[in-house]
Amino acid sequence: ALFEQLKSKIEEDASVRKELDQIIDELNQHVSFTQGILSRVHSTPRSKYAPWLAQVEDGIKKEVETVGKLASFASQYPYYKYNHKWTRTLQDAISTALLCAWLGGLSESTKPGDVGRLLTLEDVGAIFSVPVNLKDRDAFHITIEEYLLGLISVVDDLARLAVNSVTLGDNALAVQISSFIKDLHAGFQVLNLKNDILRKRVDSIKYAVKKVEDVVYDLSL
Amino acid sequence: ALFEQLKSKIEEDASVRKELDQIIDELNQHVSFTQGILSRVHSTPRSKYAPWLAQVEDGIKKEVETVGKLASFASQYPYYKYNHKWTRTLQDAISTALLCAWLGGLSESTKPGDVGRLLTLEDVGAIFSVPVNLKDRDAFHITIEEYLLGLISVVDDLARLAVNSVTLGDNALAVQISSFIKDLHAGFQVLNLKNDILRKRVDSIKYAVKKVEDVVYDLSL
Amino acid sequence: ALFEQLKSKIEEDASVRKELDQIIDELNQHVSFTQGILSRVHSTPRSKYAPWLAQVEDGIKKEVETVGKLASFASQYPYYKYNHKWTRTLQDAISTALLCAWLGGLSESTKPGDVGRLLTLEDVGAIFSVPVNLKDRDAFHITIEEYLLGLISVVDDLARLAVNSVTLGDNALAVQISSFIKDLHAGFQVLNLKNDILRKRVDSIKYAVKKVEDVVYDLSL
Amino acid sequence: ALFEQLKSKIEEDASVRKELDQIIDELNQHVSFTQGILSRVHSTPRSKYAPWLAQVEDGIKKEVETVGKLASFASQYPYYKYNHKWTRTLQDAISTALLCAWLGGLSESTKPGDVGRLLTLEDVGAIFSVPVNLKDRDAFHITIEEYLLGLISVVDDLARLAVNSVTLGDNALAVQISSFIKDLHAGFQVLNLKNDILRKRVDSIKYAVKKVEDVVYDLSL
Amino acid sequence: TPMFERLRDELDEHHDRRERIVKLSRDITALSKKIIFSLQRVRKIEPQLPKNIQDEVDARLAEIAKLLAALAPEIQGLNRYRYSRSLMCLEELVEALTFAHYLKTQTLIRYEDLCATVEDLTRQGIAAVATSSEDQVMTDAADGPKQADATKPDPPATVSLTQDDYLYGIFDLTGEMMRFATTTLALTGVLAGSESSTSGDEPRTILQDMHDLGSFFEMLPVGGGSRFQWEKKLEVTRQSVQKVERLGYDWII
Amino acid sequence: TPMFERLRDELDEHHDRRERIVKLSRDITALSKKIIFSLQRVRKIEPQLPKNIQDEVDARLAEIAKLLAALAPEIQGLNRYRYSRSLMCLEELVEALTFAHYLKTQTLIRYEDLCATVEDLTRQGIAAVATSSEDQVMTDAADGPKQADATKPDPPATVSLTQDDYLYGIFDLTGEMMRFATTTLALTGVLAGSESSTSGDEPRTILQDMHDLGSFFEMLPVGGGSRFQWEKKLEVTRQSVQKVERLGYDWII
């Protein structure tokens, strides 16, 4: 009896994992697709952002749908029991939204070409229609760590964009990216980081800062 | 009786492997030699490609002969049973052909110095006189994966060449390489790669892209 | 176009692998469960084999069903392309059948307690309803290597059983196991094995031989 | 020119290695075969040694032929340049001769069943018709280390035989083996061993000593 | 940066809680190991542990109870799994409790029963802390505010065991059983087990219990999370089973 | 055991010889490294090394010569390959000698020429030792009997380089060239190479030499013995080549 009971619990757990894998796999596909479109920013002049951002937003819409599916399924189980399975993919999804918004998308009020908007954790929660930083109940949500790790990925992409925007002749964009990355860097300094994954990733911001400083220096010559 | 029957079977298998090892070893030598000559591209100005490409083509000719030997021997046995033994070496051979053609070789119609030709999978099959992407019968062929992995190696080499062509004063070549690599990168992003060897290697294209972007950036200043 | 064609091909391959993984996973579960029941032999006196063998046979029946599923699915693709995925699990399944039969199961004609029957490769094929050692066509089958590796695992288990049967007071069983293992060892020595996986595993038979020799020695005192 | 010269030397070296591999492979087969026959000693009563030893000697005769081939080929090159390739196999060949002689073979003067003869390094050289412990010229020979390592393998086999001879009712043989192993152990103690392979292997003699002591103790009860 | 300051506070709260948990966990682990150490001095399986050993065990359990009471409020709801990697102490506690149970009854305690035991322990700890807080007139209030808070809600929060805590604890139990079998055989010359007198059934040795536990794990599907971890533990269990097999064999010969 | 005593003596002789070789090898390696260290202070390629550096190199070489003289009799015939794993010093020496040659001529010395150089050095060492033995009236005879013996046969034994010593030494040379290119560019602002004045040909930089050496190794079949070792060295060489490429690029930009 003990055996049967343990066995059926383990099997139940395995089937939950399998179901999660499928949803996460679907999310992964939408994220990869959206990242692919986003990567065109490096060869797209700002004047052509409008139609391209529309495509990115379509990709994000699909991500949002799948995150909804994930949230309602995962909320049936202890959140942190399975969180490690989707956290990487969710961070990537968050990154796509953050980058899209920074470049002028995901907003009624900004015009394409207006860049520099940083979504807050709450904004990201609203876009994906899920709670954030939950503490009072055990359900699906976006954690602070996930938001911050997503943000760090965006920094890498923007540093690269600073280089390419100079090549495209858009020096102003490079300068704006530089000041944004430096602000973020100052922000991250405020955190008390422990020896965890966040700390390791934050180090990469330093390289980004150095890179954009070099670009701005080159432009000043 | 069981063991007697097994004995002959095992010895047969061992002798097939030994024969394959010898052919693959021979192919490896031709490939290494050709790669060695190809590596001179990094210090050869475009005006001197003609005699050098002739040497590369000689090397590839020897590769083609040995691939022929391999194909006719391997086609006697199930293709995927032994494919793992030669796939690495064959990818390298494909790389040499792809790089040689991109630099203006392996063609009646291009003049040395005309760069940028990308061989398709079918072209590669024609050069090595073997079928490609076979599905209907179990014989030696070049697979899509082998072609793609060969192509990825070429990207690494070209990114390096972009740097060296600037040193040699040939900025136009660097710019052409940059746009070729970016196009390829976009192509690979279309693929929905799972966690296999191809995915890991595709990641290396990202570095190549960054590298050539930096070169074009430096030239733009 | 190149990449579009590749995309569909890669996705097809990924879905074949996924389907295979699921079938193999199912097989793995049945095999583990059957191995678990078989492990009770070490504390079961021979007089109680009958009901216990019935349970083992139930486990094997489920293995057979899943192997059937695997065979019909895998036979659609080149055999050696995916063989590496299931070969380990299939060897384990073969082991359970070999051990069960040796202990008196899987037979109309033997009485429980009649031990010592060694299934041949053909017998194993008949039990799992799949061909063995196919040479004329490219379909699912059990290879000689898989049979031999399965057999080697059984030797390890029997050597352990020799020890435990003495503890259970069944010295005759220990002696019978000893002579079986020594015969097998002599058989394997006939094979001229190269440095492959089979050779390494065959070395483990030597330890089994020493172990049963020590047991028979202890009994002889 | 420098390149051509180095290349041809490397190629020459590679072809020497290939030729050596083939000869060593052949030797390996004869050694494996002879070891297989020798392993029957563990179930052969002393009264039946005569015909069995004849078979062993046939095996050794083939080893001797191949060692001759090896010696004349290898003597064309600096001895220690390639010695590592065959030393393992040669040690095994030496072991077969040592064990065969100890059991009464390889001699006109002993009767089968007369056991206990230890071949010296010089005896082994005479059997294989090659020099031993050469110092004055650079040619093929058997080194002291090879002889000693071969001897250590024999000890392992004899310790096992001590156990099995008791099972076969030949307690006298067990006692004789015990005293032989203890003598050898004392002999090895005389050597000043450095931290090399010999030292590691010598440790295994200790286990053999312990094993035969246990056997003799059991017999004394 | 105001955003970052807010996030910092949230993260700091999390890190502080984790540090408190890690500390408590370390102490519970140490005490559990001490219990196991005491239990390894038992020489035969019988319903009552020797008095001196039972006293040692009880004393340690009383300390553990207080630590569990402090731990409980930190790992409710969302936080139970959030900090599960810092809660290895629970496996160790399972090991100690199941080992004690085995030595008394020669049986494996059930998951539910063990959960109940641990909840009970927590409640005892809460009661003890409450009493001692009164006694000491809050002298240790400085480092105990959480504990004081935790006593207010009704019913008080308790520590729950996950199925993985239970299973991995049992894996480790097999190692202790092996050690117990080895020492008792060496010191008493008898393989541990039930007296043949107990009931009239055949006497049952620890070897059979090990075999049953071994087969139990062999037949279970791979449990929670890391397959690698599971396989490693299973392999250790297999070795323990085989060591006891060898003991049984040597005893018979 | 009489047999074992005889074998012991033989083995001891071998171990003693190996120890002597290891000691000599360690000293030669250290001196070679010092030569390389001196050479890294050179700032341009020209037929004459700066006098102070040339003096340092000559002094070290004189010491090495004596050590080679002591080493020579130990590694004749059979023993050359027998102790080749204890003779890593020869690769280091090749590295030092080829580097000095490169800095003077911007060319790679040939294998035969280098063998001749090393044999010459050995003979100089033998002569020096003979002289100093006379001078010192055998004061160091205690630890020098082998050296004394070695001077008797005619012609005296010399140290021979194997092709592998040469090739692996050249592999390491590429690393030194990279370091040289890096420091000279940093300190002089010019990529090392021939003066454009030297002959009227186009000026040739160290980058081209590195490319040539890189392609040279890429085209060679895998040499002697361990493929793994070869691939590792080749990979390091590739990285050195690419570092100098980067220097060239940064210099142009």
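Predicted model: local features only at pLDDT ≥ 70, side-chain atom pairs only at ≥ 80, totals over all residues.

Modeller: A polar contact is a pair of N or O atoms within 3.5 Å; within protein, one atom must be able to donate a hydrogen and the other to accept it, and residues adjacent in sequence count only if both atoms are side-chain atoms. Side-chain values use heavy atoms, without hydrogens and water, residues are numbered from 1 along each chain as its sequence is written, and chains are lettered from A and ligands numbered from 1 in the order in which they are written.

Stay with chain B and chain D. Four residues of chain B and six residues of chain D take part in the contact, where contact means heavy atoms within 4.5 Å. The two chains bury about 290 Å² between them, and carbon and sulfur atoms give 51% of that area. Buried area is the accessible area (1.4 Å probe) that two parts lose on being put together, summed over both. On the chain B side, B:K18, B:Q22 and B:F33 supply 84% of the area buried against chain D, more than any other three residues. One salt bridge crosses this interface; the term stands for a side-chain nitrogen of Lys or Arg within 4 Å of a carboxyl oxygen of Asp or Glu. B:K18 forms a salt bridge with D:D25, and their closest N and O atoms are 3.9 Å apart. By class, the side of chain B that touches chain D has one nonpolar, two polar and one charged residue. Here Ala, Val, Leu, Ile, Met, Phe, Trp, Tyr, Cys and Pro count as nonpolar, Asp, Glu, Lys and Arg as charged, and the others, Gly among them, as polar.

Chain B can be superposed on chain D by a rotation of 175° with 1.7 Å of shift along its axis, at an RMSD of 0.3 Å. The two copies are therefore related as by a two-fold rotation axis.

Now turn to chain D and chain F. The contact draws on 41 residues from chain D and 34 residues from chain F. About 3100 Å² is buried between chain D and chain F, 68% of it on carbon and sulfur atoms. D:L6, D:I10 and D:Y80 supply 20% of what chain D buries against chain F, more than any other three residues. Five salt bridges are found across the interface of chain D and chain F. In one salt bridge, the side chains of D:K135 and F:E13 meet at 3.6 Å, N to O. Seven residue pairs are in polar contact across the interface of chain D and chain F, both residues at pLDDT 80 or more.

α1 (2-38), α3 (79-102), α4 (121-128), α5 (144-167) and α6 (171-190) of chain D each supply at least two residues to the side that touches chain F. α1(D) gives the most, with 10 residues. Helices are DSSP runs (H or I) of at least four residues, and strands (E) of at least two, numbered from the N terminus. The side of chain D that touches chain F has 22 nonpolar, six polar and 13 charged residues.

Chain F does not touch chain C, and their nearest C-alpha atoms are 19 Å apart. Chain E and chain F do not touch either, with 30 Å between their nearest C-alpha atoms.

Chain D also meets chain C. The side chains of C:E213 and D:R160 form a salt bridge at 2.9 Å, N to O. This pair crosses between chains, from helix α7 (residues 197-220) of chain C to helix α5 of chain D. Over all chains, the structure holds 90 salt bridges.

How values were computed:
Least-squares fit on C-alpha atoms with pLDDT ≥ 70 in both.
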